[in-house]
Amino acid sequence: MKHRSARGRWAAGLGAALALTSASAMADCTTVTSQSIAFGTYSALSGTPIDSTGSVRITCTGSGLLGADNGVVSISAGSSTSFTNRTLVNGGQRLFYNLYTDAARSRVFGDGTGNTGTVGFTAGGGLLGGPSTATVPVYGRMPARQDVAPGQYIDTLIVTVTY
């Protein structure tokens with residue numbers, strides 16, 4: 001079993017965004033990158049949660065017709081150390097959010113423990129054994145009516161790809 005982690009910063013607040021850095025992986029899976037999740041501007045007065053999406057992309061070479069790489073993507077709890085309520089931090093202020101494996105936002109994206117989910121992927125192989133990319137969607141939600149001061153809120157997460 002091989003794995004590669006990428007550290008990223010997830011931010012929210014005035015002009016909020018979520019971004020992960022890219023990292024080179026080992027052996028057959030050569031690249032792990034992500035598309036940012038932008039939460040936009042947060043208003044504590046709004047009664048509507050802010051939803052956004054992003055993705056993790058994994059490029060694998062595989063090794064021939066049957067050589068596709070099957071793997072799993074997991075995401076750490078971040079600074080909150082709990083998957084129940086991930087937190088973006090600005091000094092002593094905390095802004096709750098979470099990440100989900102599905103568009104309905106019914107299953108928290110985590111490491112497979114404590115009722116969290118991971119997402120499987122298949123990449124590489126194919127007819128001629130060439131490289132291919134799997135895209136794993138990440139769905140974010142920031143709950144409404146959190147009383148926080150304006151500013152940049154940041155969390156650092158680790159995305160792990162195991163194959």
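Arg141 is partly exposed because its relative accessible area is 27%; that label sits between buried (under 20%) and exposed (over 50%), using a 1.4 Å probe and protein chains only. This is a predicted model, so local features need pLDDT of at least 70, side-chain atom pairs count only at pLDDT 80 or more, and totals for chains, interfaces and linings use all residues. Residues are numbered from 1 along each chain as its sequence is written, and side-chain values use heavy atoms, with hydrogens and water left out.

**Salt bridges around Asp51**

- The structure holds 2 salt bridges, where a salt bridge means a side-chain nitrogen of Lys or Arg within 4 Å of a carboxyl oxygen of Asp or Glu.
- Arg141 makes one of them with Asp51, and their closest N and O atoms are 2.6 Å apart.
- Arg141 belongs to strand 11 and Asp51 to strand 6, so this pair ties together parts that are 90 residues apart in sequence.
- Asp51 also meets Arg105 in a salt bridge, at 3.6 Å from N to O.
- Here Asp51 is in strand 6 (residues 50-60) and Arg105 is in the loop between strand 9 and strand 10 (119-123), so the pair ties together parts that are 54 residues apart in sequence.

**Strands and how they pair**

- Strands here are DSSP runs (E, at least two residues), just as helices are runs of H or I with at least four residues, and they are numbered from the N terminus.
- Two strands pair if DSSP finds at least two bridges between them.
- Strand 8 (residues 86-90) and strand 9 (residues 93-100) run antiparallel and are joined by 5 bridges.
- Across that pairing, Thr87 stands opposite Phe96 in strand 9.
- The hairpin of strand 8 and strand 9 has 2 residues between the strands, and Gly91 takes a positive phi near 60° there.
- Strand 9 also pairs with strand 11 (residues 132-142), again in the antiparallel sense, over 3 bridges.
- Which residue in strand 11 is the bridge partner of Leu99? That would be Gly140.

**The aromatic pair**

- There is 1 aromatic pair in the structure; rings of Phe, Tyr and Trp (its six-membered ring) pair if their centres lie within 6.5 Å, with planes under 30 degrees apart called stacked, over 60 edge-to-face and the rest tilted.
- Phe39 and Tyr97 have ring centres 6.2 Å apart and planes at 65°, so the pair is edge-to-face.
- The pair links distant parts of the chain, with Phe39 in strand 5 (residues 37-40) and Tyr97 in strand 9, 58 residues apart.
- Phe39 counts as buried because its relative accessibility is 5%, and Tyr97 counts as buried at 1%.

- Gln146 is in the loop between strand 11 and strand 12 (152-162), and it counts as buried because its relative accessibility is 9%.
- Leaving out residues up to four places away in sequence, Gln146 touches Tyr42, Ala44, Arg94, Leu95 and Phe96, where contact means heavy atoms within 4.5 Å.
- Ala38 is in strand 5 and is partly exposed, with a relative accessible area of 46%.
- Ala38 and Asp51 are 13 residues apart along the chain, and their C-alpha atoms are separated by 9.0 Å.
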